[in-house]
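Subject: Structure handover

Hello,

Here is the structure you asked to take over. My notes follow below it.

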Amino acid sequence: MRLLRRLDVVLIPVMTLVAAIAGTGLYFWQLDEHKALEQDKWVTKVENALSAGDFERNGIEALGHEIAGSAQFINHIQDTNDFARRSFLESHINYVLKQDRVAQLGSVDIYSLDSLFTLTATSIKADPFAQSVLSDDIYQTVFDTYILVSLGEEFCNSGYTYQALTGEIRYSFIGAYDPKLLPDDKQAMTRKERSLLVVDGPLTQLNHLFAEIADYAHITLEFHQRSNETPVQANIYSKQINNEFFDGTVVKVFGPSIEIELDISDGHYSAIKAQLATQMLTYMTGVVLSLLLIIHLIVKSKVLKPINGLLRDIKKGGLELRYFKRAKGNDEVSTLKNAYIDSLSKVKFEAEFDSLTKLANRVSFIRFVEQRSESYCNQHTYIVAWDVIDFRRVNDLHGQKIGDKALVTIATEIERFICMNQSGSGCGCSDYSISRYSSNTFYALINAESELSIRALMANFETALKAAARIDGVPLGLEFAQSIFPLYDETHRGLWQRGTEAALNKAKQIKNKRPLVYFDTRLLEEINRREEIEKILLTCCSNGDFELLYMPLIDANTYKIASVEVLVRCPPLQAMGIGPEEFIPAAERANMIGDIDTWVMDNALKTLHYLQRKVGYDGDISINISALELYNNEFIELICGACNKHEVSHDKVILEITETSYVKSTKDTIAIISGLRDLGFRVSLDDFGTGFTSINQLLSYPVDELKVDKSFVERIGTEGSEERMLNSIISLGHNCDAKVVGEGVETGYQCRYLTELGCDYLQGYWFSKPLTYHEFSDFYNEDHLVDIKTKISELTIIRP
């Protein structure tokens, strides 16, 4: 159900959004359709009313022609002052108006005026003796017609549609008639002495429409006379007008001589808007719920049900392939299950086996050995290991591709050897019993009858392994360190990893004979000692339980203190007889050397600051750093921060590195050395002569100082070529623009000898042992070196 919930979390907002967008679009579409229908309805009503108005106008005009052609009207206009004739005309008019065909026209008014614009007869005269009056709504139009006739302008008859003051739409027909000539006679059209006949009647259909629209609050009709400039079309037509000041629709319907403006505001659609909104909300809600239900049913039946079946298989089988059977179907879930099995096979292999040699990797081999250790099948079980000594040389000489081929060949030979041996002794060989434990180290778990037999077996296999280590028939000349760990021994339980590693390291130190080491009690004691050292170092690093001693460096010319070397001591270990030559490598192996170096640098620079302020010391300070710091990209920032903290100038700090680490340096470590020198620090090469530093290295990556190893100094005065060797080392240093320091000076003869060879600085017990801070302060203030200089000047150097 978690999938459905997550599906709902996605689908509900998405479908709601889509439904909202679709519903909104559909709402506006239907609203526009309704508006169009509503607009068409009212426009049609207006057009129909205008069409009916045409018939009504024609009826009014026909009534006017009927009255004008009657004998009563003709007799009357011959003598408008004759009362009898007027009475006959009015009687005739009222008679005609009572006819059904005329009554359908509505309340029609008829007026007769003589040539002096005197109303002589009318149909709306309530009292026979009352004065006849022309309607105010048509008075101006009739008077304009009278002026036109009186001026002799051509005129026969005309019609005029207007809106009365009461709001009623009416039509007036006006004709001019001569008592002696026919109306369509051209001479009659310009005669001035003509009488006027006015027939005024309502346009009933238009008035009904205006009355109907009056019931609608948001619909209005406006009547307009069309201007004379507007061309009059015979047909009735409509046109929608854009009015930015009106919130709604404006349509003008044009008829003969008039136009009706239809205004429908948006407020007219309020009810339909609410109705449409309710319909759309109900409809879209139903659609969303229906779609969700359908999707749920489909997902449950077509997706979740097969997936749940697959999940049950996975829970039951876990990472064990034997619990899975490949699906035969072609559906997505079957494909997913088969893909899972394939991926599980691949992942399981990549997680448990080495990709290059196809042997078990370190993790799977450890798990296999732990399982064997907990079982009862450990009798005469051993862990054997091989380490290819200096395998890096193969990669450097032949390339990584050849190196990989060599590893595959070694792995194949080890696997063949182990499998043949185990099958010959009646034991099985598991896929996990042989491992590429690290880059050039191989472990295997085998059974043997005794220590002697396993030793003999390993000795015989070493020869075969060396012979097999060839590429394209060319032997690589590899050397192997071998170790044996007795897994069955209960006293060594839980120590097989550290024990095998310690035995291999011991084997790699063996020279000039077969490098095979069997783990025994002696190695166990070494492991325990190393663990004890690491525990004490861990405590000391946490508490800062170290101390610094200071070893002066003497200027060979002035016999003044030129610099002081900082030496770290660990009092708890020193009480056990363990010095820095043993606990520094242990700290490097345990990754604690960084904490020690940080403590040494911080306290050494703090001491230098105190010496400068309180004692007046103006020399330099030399700090030994671990080779591992050359691989630390943050070391430069660390040493610069310490100098800034204690206000020590960079040029007062000399950083000592061993020649061995200098030889093994890479481009990155050389970049750190160069960076330190660029910042003003000086770099000293310690124990020079014990490594294999080339002249090219010194020229390409120069240092500021060479410290001749004390092993050369110790042999001064003995037979041999030390003088030539020392002279060469000192010359080499000077040629590389480096100062040379003679270490381990313990006699006056050695001091005088090195001085004459050109050493720049001297250091050793002949001048001073390592001193505490207060001892060094006293030593610096008191001139102890004057007598030494005198004694040395009296010595005679005997050269071979």
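Is E415 buried, partly exposed or exposed? With a relative accessible area of 36%, E415 is partly exposed; buried means under 20% relative accessible area, exposed over 50%, and partly exposed in between (1.4 Å probe, protein chains only).

Before the rest, the ground rules. This is a predicted model, in which local features need pLDDT of at least 70, side-chain atom pairs count only at pLDDT 80 or more, and totals for chains, interfaces and linings use all residues. Residues are numbered from 1 along each chain as its sequence is written, and side-chain values use heavy atoms, with hydrogens and water left out.

Overall make-up

The chain has 26 helices and 24 strands. Helices (H or I, at least four residues) and strands (E, at least two) are DSSP runs, numbered from the N terminus. Of the 800 residues in the chain, 44% are buried. Taking contacts (heavy atoms within 4.5 Å) between residues at least 6 apart in sequence, 68% join residues at least 24 apart.

Leaving out residues up to four places away in sequence, E415 touches L359 and I434. Its C-alpha atom is separated by 9.7 Å from that of D431, 16 residues apart along the chain.

E565 sits in strand β18 (residues 561-569) and counts as buried, at 6% relative accessibility. The C-alpha atoms of E565 and Y550 are separated by 5.6 Å, the two residues being 15 apart along the chain. Not counting residues up to four places away in sequence, E565 touches L549, Y550, M551, L553, S622, N624, E656, K707 and Q763.

Nonpolar cores

In soluble globular proteins, nonpolar side chains tend to be buried together. A nonpolar core here is a set of buried Ala, Val, Leu, Ile, Met, Phe, Trp, Tyr and Cys residues joined through side-chain atoms within 4.5 Å. The largest one has 76 residues, and L537 and V653 have the most contacts inside it. Helix α17 (residues 593-615) gives the most to this core, with nine residues. Apart from neighbours within four places in sequence, L537 is in contact with F546, L573, F583, A586, A587, M592 and I596. A second, separate core has 46 residues, including L31, V108, A121 and L203.

The second largest pocket

The method works on a 1 Å grid over the protein atoms alone: a cavity is a set of points where a 1.4 Å probe fits but cannot get out, while a pocket is an open set with protein on both sides within 12 Å along at least five of seven lines, and lining residues have an atom within 4 Å of a point. Grid points are joined across faces, edges and corners, and a volume is the space filled by probe spheres set on the points.

The volume of the second largest pocket is about 1200 Å³. Its lining has 30 residues, and E501, N505, K508, Q509 and R589 lie nearest its centre. Two or more lining residues come from each of α10 (392-398), β11 (434-438), β12 (441-447), α13 (496-508), α14 (521-543) and α16 (580-589). The largest share, eight residues, is from α13. By class, the lining has 16 charged residues (Asp, Glu, Lys and Arg), nine nonpolar (Ala, Val, Leu, Ile, Met, Phe, Trp, Tyr, Cys and Pro) and five polar (the others, Gly among them).

Cysteines

A disulfide is a pair of cysteine sulfur atoms within 2.5 Å, and by this rule the count is zero. The closest cysteine sulfur to that of C540 is in C570, at 3.5 Å, which is too far for a bond. C540 is buried, with a relative accessible area of 2%, while C419 is partly exposed, at 29%.

Most residues other than glycine have a negative phi. K358 has a positive phi, near 65 degrees, and is not a glycine; K358 is in the loop between α8 (332-352) and α9 (362-373). D737, also not a glycine, has a positive phi of about 60 degrees. D737 is in the loop between α23 (722-735) and β23 (739-742) and is exposed, with a relative accessible area of 71%.

Helix α24 (residues 748-757) is mostly covered, with seven of its ten residues buried: G748, Q750, C751, R752, Y753, L754 and L757. After α24 comes G758, with a positive phi near 105 degrees.

Regards
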